[in-house]
Amino acid sequence: MEAKQYIGEGWKHAILIVGAIVVLLPFYMMVSMSLKSQQEIQSISGGLIGAQETQTFPVCVKTGYSEEECTMKPYKYNYWFAFEKAPIPRYLMNGVIVTLSIFIIQVLVALPCAYALAKLRFYGREFVFSMVLFCLLIPVHGIALPLYVMLAQAGLVDTYSALILPWTISVFGIFLMRQFFMTVPDELIDAARMDGMGEYAIVWKVMLPTAIPALLAFAIFSVVAHWNDYFWPRMVITGNRDLFTPPLGIREFRGGIDSDEFGPMMASIVTVTVPLIVAFIIAQKRFIEGITLTGMK
Amino acid sequence: MGTISLKNISKSFGSTQVLNNLNVDIQDGEFLTLVGPSGCGKSTLLRIIAGLEQQTSGDVLIDNKNVNKIRASERDLAMVFQSYALYPHLTVRRNLETPLRLRDYNAFERLPLIGNFSPNKKSKTESINQLVNKTSETLQISELLDRKPGQLSGGQRQRVALGRAMVREPVAFLMDEPLSNLDAALRVHMRSELSELHNSLKTTFVYVTHDQAEALTMSSRMAVMIDGNLLQLDTPQEVYDNPSSLSVAQFVGSPKINIFNGSSDSSGTVNFLNVNLKRKSSESNSDLHIGIRPEHLEITNNKDENTFSGTVAYRENLGSDIYFHVNIEDNSKKIIVRGLPQFTHQITNGSSVNIKRDSNKALLFNQTGMRIHFNNAMG
């Protein structure tokens, strides 16, 4: 390779590296702050992990623990206190229950819808599909208040149902799966009909297995969106801390009489973020397949 | 038994008429080919027989039973598709099992895990396994049973698709251009295999193709369809020798039949180019189309009143035969003449040649394309 080409490649990489730094810096700060002591955070010193000097933490003592219990290294304290102060496992479990329920019901609704819109001929199909597209344009926040009022009237505020029900019909999911089903050859469906499958059996036994890449892509969109959602749980979960989802849980560390303590707060954020990152790394390859919609060969 | 009767079948999509009042009787054990150019409605007709499409009017009878209202899966027919349509996520074995599982297991037995507690499931599973093994041995796909369709070649997928149709032992097989995704050599090979399979199964085959060669080689009878109409239904030889109309004559046979414009005089003598036919047309004083197949024309050195001359535009060498595309005066279209290599090797593009025709081979058609017969078989 000639020197010129190296320079050309070098430029590309330099730009990409700058971009990567911009994206990754907040994560670096998050991890770093979850390991350091309050003084180091406030004076912006100590590099990645700080000095890790054993010390006694005043907020901890104020909360009612003995001085001995509150004396330890900062990284340990941050994570220990995060779990002590807020029931983080409970929040994580709520997150899992809510996101999984939403996703499963979304699939149960979206797949038959998408199949009908892609493969069945019926009067008004184009109209229904255009309504689906239209619904994609409506922002959630626009209908949040009416939704809240309806849930309140039904007595569902402060329940899991309030967190799950409004999201069970995913217009995006219907659209994505419909586009994927369009690429499945009609002959495959005819073959299944000749073999004796009914329309529902075709959806679950033929269409679903061929649509796994698209479904995984949708799973990631759906799970990430609802795991990270702060707006909706904040609206419908008004008092019951047992129903807090992880983003609501993080809020526990903000403000209050103890003033802001960033270490435990960042530790809880790391705890909440890690499951998503792990899931993404596992599903990464499939995710990219699904986005590009390679379909069947 | 496996007779299929189609009575006055018509089909239209919106205002487009696709099938026009078709009547076909398919006999038990017959290999019937529906052949025609693409878009003639042959696949639609097959789908109507299968029950995947509903006819606009008319009746479908299978074994003399009206099946208009019966669903595709309950007609006991099996279909082989052009794209094979194997389930991509299942192994070959599961692909073959699927129609049997759906037919033999009841709803409870199909449930995962708890379905296994049904007392009858074990014996049913055994009989399914036996059928799958028998079929895969017949088709020589036993070693492929654990693979997925994506790992198979085109020919192997074709066999698996056939197998999936065969395991159910249906009353009839419906095939929708099953060979057209294969390469030329494999296609010719599969033709003979399909014929052998038909001979050993003795089941009714209804076979759709746009390839007249497939129809001629395999079928016991062929139905020529053009523009939604059934033009002729007869044995391949009869369709080739005695086409009922100009379109059939032009569709069947490769290379295409040569068509000359000519006319008959008051006595019925047919004249075209500078040649008079000895046989008399039954229609006198009219303009006619005269069709002569390439193999009934011959290149000759002698020039007399029965030959006509032209210039070779293109020499098409197929090894066993050579076809000459010849420009004739007064005829805008090129005509095609078959020659044997040993007699015609010195003829090249641009050569002037004399063409002689075999007697008694010309076919007459009137201006609307209908066949006209000669008055007598003489001359």
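Helices here are DSSP runs of H or I with at least four residues, strands are E runs of at least two, and both are numbered from the N terminus. The model is predicted, so local features need pLDDT of at least 70 and side-chain atom pairs count only at pLDDT 80 or more, while totals for chains, interfaces and linings use all residues. Residues are numbered from 1 along each chain as its sequence is written, and chains are lettered from A and ligands numbered from 1 in the order in which they are written.

Helix 10 of chain A is mostly covered, with 8 of its 10 residues buried. A residue is called buried if 20 or more other C-beta atoms lie within 10 Å of its own, exposed if 12 or fewer do, and partly exposed in between, with C-beta atoms placed from the backbone. The buried set is L188(A), I189(A), D190(A), A191(A), A192(A), R193(A), M194(A) and D195(A). On the chain A side, these residues pack against helix 5 and helix 11. In chain B, their partners are helix 1 (42-50), strand 6 (77-80) and helix 2 (92-104). Contact means that the C-beta atoms of two residues, placed from the backbone, lie within 7 Å.

That brings in the interface, where 15 residues of chain A are in contact with 18 residues of chain B. Helix 10 (186-195) and helix 11 of chain A each supply at least two residues of the chain A side, and helix 10 gives the most, with 7 residues. By class, the chain A side has 8 nonpolar, 2 polar and 5 charged residues. For these classes, Ala, Val, Leu, Ile, Met, Phe, Trp, Tyr, Cys and Pro count as nonpolar, Asp, Glu, Lys and Arg as charged, and the others, Gly among them, as polar.

Helix 11 (residues 199-210) of chain A also meets helix 5 (residues 88-119) of chain A: their axes come within 11 Å and cross at roughly 85 degrees. The axes are lines fitted to C-alpha atoms, for helices over the stretch in contact, with angles from 0 to 180 degrees between N-to-C directions. The two helices are therefore roughly perpendicular, a label for angles of 65 to 115 degrees (under 35 is roughly parallel, over 145 roughly antiparallel, and the rest oblique). L111(A), P112(A) and Y115(A) of helix 5 make the contact with V203(A), M207(A) and L208(A) of helix 11. By class, this contact has 6 nonpolar, no polar and no charged residues.

F181(A), in helix 9 (residues 171-182) of chain A, touches residues such as A114(A), Y115(A) and M207(A), not counting residues up to four places away in sequence. F181(A) is buried because 22 other C-beta atoms lie within 10 Å. F181(A) and L208(A) are 27 residues apart in sequence and 9.4 Å apart in space, C-alpha to C-alpha.

The largest nonpolar core holds 155 residues, of which A114(A), M177(A), M79(B), L174(B), V206(B) and V224(B) touch the most other members. Helix 5 of chain A provides the largest share, 12 residues. A nonpolar core is a set of buried Ala, Val, Leu, Ile, Met, Phe, Trp, Tyr and Cys residues joined through C-beta atoms within 7 Å. Beyond four places in sequence, V206(B) touches residues including I4(B), I26(B), L46(B) and L174(B).

Chain B comes to 9 helices and 21 strands, and its C-alpha atoms fill a box of roughly 90 × 45 × 35 Å along the principal axes. Of its 379 residues, 37% are buried. Chain B is divided into domain 1 (4-244) and domain 2 (255-372), with 41 Å between their centres over C-alpha atoms. The bounds come from an automatic or database domain assignment.

A few backbone details in chain B stand out. S254(B) and P255(B) are joined by a cis peptide bond, with omega about -5 degrees. P255(B) is found in the loop between helix 8 (246-251) and strand 11 (258-264). D76(B) is not a glycine but has a positive phi of about 60 degrees, and N285(B), also not a glycine, has a positive phi of about 55 degrees. D76(B) is partly exposed, with 16 other C-beta atoms within 10 Å, whereas N285(B) counts as exposed, with 11 C-beta neighbours inside 10 Å.
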